[in-house]
Amino acid sequence: MSRTRPVSDLKYHFEEISKTIHETNQPLFLTENGLKDMVLLSMETYERMRFDAEIYHKLQVAADEEMQTDIRYTSEEILQSLQEIWKEKI
């Protein structure tokens, strides 16, 4: 199935489109009057994309923070700090 279809196909081919989107986990671009108008995704694909975007954002924030300070921690220091926090909560 083409990755681009007219929006009117939703009305006449919804079951086929839905099945393909869920099987392939790929977006479908919908056009109106020949122009790209919308993107249709399965919930699984949408949630994965949101999760990936959130992780990327957090990594970018961490990278930005890293550039603002010279303080560095070893993995052992971080693990010890997390263990202390965990003990306080128990």
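This passage walks through the predicted model of a single protein chain, from its overall form down to a few individual residues.

Across the protein chain the mean pLDDT is 94, and 98% of the residues reach 70 or more. Among the elements, β2 has the highest mean pLDDT, at 96, while helix α3, which covers residues 75–89, has the lowest, at 93.

The protein chain contains 3 helices and 3 strands. Read from the N terminus, these elements follow the order β-α-β-β-α-α. Helix α1 takes in residues 9–24, and strand β2 takes in residues 28–32. Strand β3 covers residues 35–40. Helix α2 then runs over residues 43–67, and helix α3 over residues 75–89.

The overall dimensions come next. The radius of gyration of the protein chain is 22 Å, whereas a compact globule of 90 residues would have a value near 12 Å. Along the principal axes, the C-alpha trace spans about 60 × 35 × 20 Å. Of the 90 residues in the protein chain, 12% are buried.

Two asparagines stand out in the backbone. Most residues other than glycine have a negative phi. N25, however, has a positive phi, near 55°, and this residue sits in the loop between α1 and β2. N33 likewise has a positive phi near 55°, and its place is the loop between β2 and β3. N33 counts as exposed because its relative accessibility is 76%, and the cut-off for exposed is over 50%.

In helix α2 lies Y56, which is classed as exposed because its relative accessible area is 57%. Between Y56 and T45 there are 11 positions in sequence, and their C-alpha atoms are 16 Å apart in space.

Helix α3 includes K87. The relative accessible area of K87 is 64%, so this lysine is exposed. K87 and E76 are 11 residues apart in sequence, with a C-alpha to C-alpha distance of 16 Å.

I85 also belongs to helix α3. The C-alpha atom of I85 is separated by 39 Å from that of S42, and the two residues are 43 positions apart along the chain.

Terms used
Residues are numbered from 1 along each chain as its sequence is written. This is a predicted model: local features need pLDDT of at least 70, side-chain atom pairs count only at pLDDT 80 or more; totals for chains, interfaces and linings use all residues. Side-chain values use heavy atoms; hydrogens and water are left out. Helices (H or I, at least four residues) and strands (E, at least two) are DSSP runs, numbered from the N terminus. The radius of gyration is taken over C-alpha atoms; the globule rule is 2.2 Å times the number of residues to the power 0.38. Buried means under 20% relative accessible area, exposed over 50%, partly exposed in between (1.4 Å probe, protein chains only). pLDDT is the predictor's confidence in each residue, from 0 to 100.
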